[in-house]
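Dear colleague,

I am handing over the structure below, and I would be grateful if you could look through it before reading my notes.

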Amino acid sequence: MVSAPKLTSLLSIIAVYSASAFTAPPANDRNLRISSSPTQLDIFGKAFANDDSLGKRENAGLKKGPNVNEVTVNGKPAKAVAGQK
């Protein structure tokens, strides 16, 4: 049978090594690498670039444009859009 002091020291060594399993690994220089890219959003590349094969872009608003009226405000001519607030 093992003596009490040897058993105590053996159990303490086992406890120290098993507790080291719950600690963080030492930091390496590879893990501390800093990117030299000016922006981190470069991952999309040209995903949002204009597509030239689509042709000329149409007006996204009204087909004929807004209904503009010539009005006079305080004696000065101005353009007013009907229904605009």
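Two strands are said to pair if DSSP finds at least two bridges between them, and strands (E, at least two residues) as well as helices (H or I, at least four residues) are DSSP runs numbered from the N terminus. This is a predicted model, in which local features need pLDDT of at least 70 and side-chain atom pairs count only at pLDDT 80 or more, whereas totals for chains, interfaces and linings use all residues. Residues are numbered from 1 along each chain as its sequence is written, and side-chain values use heavy atoms, with hydrogens and water left out.

Strand S1 (residues 68-73) pairs with S2 in the antiparallel sense over six bridges; Val 71 faces Ala 78 of S2, and Val 73 is opposite Lys 76 in S2. The hairpin has two residues between its strands, and Asn 74, in the loop between S1 and S2, has a positive phi of about 55° although it is not a glycine. As background, most residues other than glycine have a negative phi. Asn 74 counts as exposed because its relative accessibility is 76%, where buried means under 20% relative accessible area, exposed over 50%, and partly exposed in between (1.4 Å probe, protein chains only). None of the six residues of strand S2 (residues 76-81) is buried, so this strand lies largely in the open.

For the chain as a whole, the secondary structure comes to one helix and two strands, following the pattern α-β-β along the sequence. Buried residues make up 0% of its 85 residues, and the chain exposes about 9000 Å², of which carbon and sulfur atoms supply 59%; such areas come from the Shrake-Rupley method with a 1.4 Å probe, and for residues only the protein chains shown count as cover.

Turning to the helix, Ile 14 is placed in H1 (residues 4-19) and counts as partly exposed because its relative accessibility is 49%. Together with Leu 7, Leu 10 and Leu 11, Ile 14 makes a nonpolar surface patch of about 370 Å².

Finally, a word on confidence: pLDDT, the predictor's confidence in each residue from 0 to 100, averages 75 over the protein chain, with 68% of the residues scoring at least 70. Among the elements, H1 has the lowest mean pLDDT (77) and S2 the highest (92).

With best regards

Definitions and conventions
Patch = residues over 30% accessible without salt bridge, like charges linked within 9 Å, V, L, I, M, F, W, Y side chains within 5 Å. Salt bridge = Lys/Arg side-chain N within 4 Å of Asp/Glu carboxyl O.
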